[in-house]
Each structure stands twice: as structure tokens, then as C-alpha cells.
Amino acid sequence: MQRELQNIVILTGAGVSAESGVATFRGPDGLWEGHRVEDVATPEAFARDPDLVQNFYDERRAKLKTVNPNAAHLALAKLDEQWPSDLLLVTQNVDDLHDRAGSKSLVHMHGELNSAWCLACDGRFPFNGTMASGPTCPQCDTPGQLRPDIVWFGEMPYEMERIELALSQCDLFVSIGTSGAVYPAAGFVQTARHYGAQTLEMNLDPSEGSFHFHESRMGKAGDLVPEWVKEILRDV
Ligand code: OAD
């Protein structure tokens, strides 16, 4: 018997921001803005060629100022505001479009472009400038020690305990705009199912783990997400 729908966990990936003009990671050419993911999103790449990596993220950070939340981000923020039980939005995206749309119960599990991490003092703070020029840390005054506060391959995603707890307590798990290629996020559907949740995927095409979901809806997030939010808020 299906249990009453109360707690919801939503996972988003690059597809939710695609209609805002933010490039997805695995485009048709397999490249992320012209680079192999391993060349810009690993600690090894940063150690080998810090300028390349800093310039890459500086460009992505600057691009954020030119894009806006789309209908999917706005619908999820409305759901966050109006849903009467627990809701946690977990995003793999390092853009700030869910934040700007107004989502409050939000975890950036792969970090944020608009955050800096100082390797000298270990401090993390909001940052929207450029790092390639080697700015000074506002907390410890050390120059040239800032790196993007982004979780690279081989590093531990943020807030995993909070996410695992929410997954174990949710009645519905929804995955939006992610290829399901990167763990641990790709395994959230199995964790949620293990604890008895219903599971729904919304994506342009079937993700790698599509067969794990009870229901799959194929199409653009900007169309599917507002429709789904309307549907589940109807009875609230
Ligand atoms: P991907 O680029 O791997 O996948 C994006 C998914 O969104 C694909 O399945 C597309 O079909 C789908 N998509 C594209 N446009 C869409 C639209 N308008 N509406 C709905 N779906 C659409 O991105 P992620 O799955 O987010 O990690 O990638 C996961 C992680 O890999 C990223 O967080 C990043 C990357 O390496 C790190 O940087 C650590």
C-alpha cells in the first residue's frame, strides 16, 4: 500500500539550469565548455595547472551574472514555500539559480561557484570576483591561496549526513535534469527506495539509472517541473 505523501527530497543536476543558458557537463561532444571534466574538476588538475582551473571557474562565475532562474527553479521555490511537510532540495549544481529563485531548504552538495575556500586558513566565504589574479584571503590576509569551493572528483560531497537522513525519511524522491553518472548522487534513488519512497525522474532523456525509478517523465525541466508542482500542490 502506498504511504501518505509527506516528506520530499528533490535532486537536481545541470539539466535544470540548461534552459537558463548554463552548459550541462556531458554535452553531445562529451566536453564541459570545451574541456574534459578530469582536466578542470579534479585536485590533480588544480595541482598540475592552477591557472587553467582558476580561469575556467572564473569564467563560469562571471557567466552566472548573465543568466537567470527559469520556470523549473521558480516552481521548485514555490513548492519549498508552500509544501506543508519536510522538503529538501539537493542540488549538484554549483550555480546560484535555486538560491536566486528563492529555495530555502537547499543543499549544494558539490559546492558553489560563489564561494571561496582558503587553503591557508581553511576558511570558506562568499566570493564573486576572480581567483586567477591571486586575491588575498579576507580572513587571514594570505595572498594566492584561494580555490573554488567546489567538490572535485575524488573529494567528499557536502552535507552527506543531512542528505542521507532526509532520504531515509522521505516518501517521495524526485530527480530532475541529471544524467545519473556521478556517485553518490546517482545512488540516492536506490537509498530512497530502500526506505520505501516512491521515486520519480524528470529528464530530457532517460538517465543511466532510469530503470530504478517508479515513474519517468521525459521532456524539458522548464515544462515538466511547473506541471508536476501544480499537480502535487493541488491537494494541499
Ligand atoms: P550532466 O551534464 O551529466 O547531465 C545533465 C542531464 O540533464 C542529462 O541527462 C540531459 O539529458 C539532461 N537535460 C539537458 N537539458 C535538459 C532540460 N532542459 N530539462 C531536463 N533535463 C535536461 O549533469 P549532472 O548529472 O548534473 O560534478 O552532472 C553531475 C555532476 O558531474 C556535476 O555536478 C559535476 C559533474 O562532473 C562535479 O563538478 C563534482
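The structure is a predicted model, in which local features need pLDDT of at least 70 and side-chain atom pairs count only at pLDDT 80 or more, while totals for chains, interfaces and linings use all residues. Residues are numbered from 1 along each chain as its sequence is written, and side-chain values use heavy atoms, with hydrogens and water left out.

A polar side-chain atom of N203 is 2.9 Å from a ligand oxygen atom, and a backbone N or O atom of G177 is 3.3 Å from an oxygen atom of the ligand. A polar backbone atom of L204 lies 3.2 Å from a nitrogen atom of the ligand. Of the 800 Å² of accessible area that the ligand has on its own, the protein covers 93% (Shrake-Rupley method, 1.4 Å probe).

The space itself can be described next. On a 1 Å grid over the protein atoms alone, a pocket is an open set of points with protein on both sides within 12 Å along at least five of seven lines, a cavity is a set where a 1.4 Å probe fits but cannot get out, and lining residues have an atom within 4 Å of a point. The largest pocket contains about 840 Å³ of space, a volume being the space filled by probe spheres set on the points, which are joined across faces, edges and corners. Its lining has 42 residues, of which A14, F25, R26, G177 and S179 are the closest to its centre. At least two lining residues come from each of α1 (15-18) and β8 (198-203); helices (H or I, at least four residues) and strands (E, at least two) are DSSP runs, numbered from the N terminus. The lining comprises 22 nonpolar, 14 polar and 6 charged residues.

Across the whole structure, 2 cavities of 30 Å³ or more are found. The largest cavity has about 170 Å³ of space, and V22, A23, W32, R60 and V94 are the closest to its centre among its 13 lining residues. Helix α4 (residues 50-64) gives the largest share of this lining, 3 residues. The second largest cavity, of about 110 Å³, has 15 lining residues, with S175, G180, A185, A186 and F213 nearest its centre. Both β7 (172-176) and α8 (188-194) supply at least two residues of the lining of the second largest cavity.

Two backbone details complete the picture. Most residues other than glycine have a negative phi, and most peptide bonds are trans. The peptide bond from Y183 to P184 is cis, with omega near 10 degrees, and P184 is in the loop between β7 and α8. D141, in the loop between β5 (124-126) and β6 (146-150), has a positive phi, near 70 degrees.

Key. Polar contact = N/O pair within 3.5 Å; in protein donor to acceptor, adjacent residues only side chain to side chain. Nonpolar A, V, L, I, M, F, W, Y, C, P; charged D, E, K, R; others polar.
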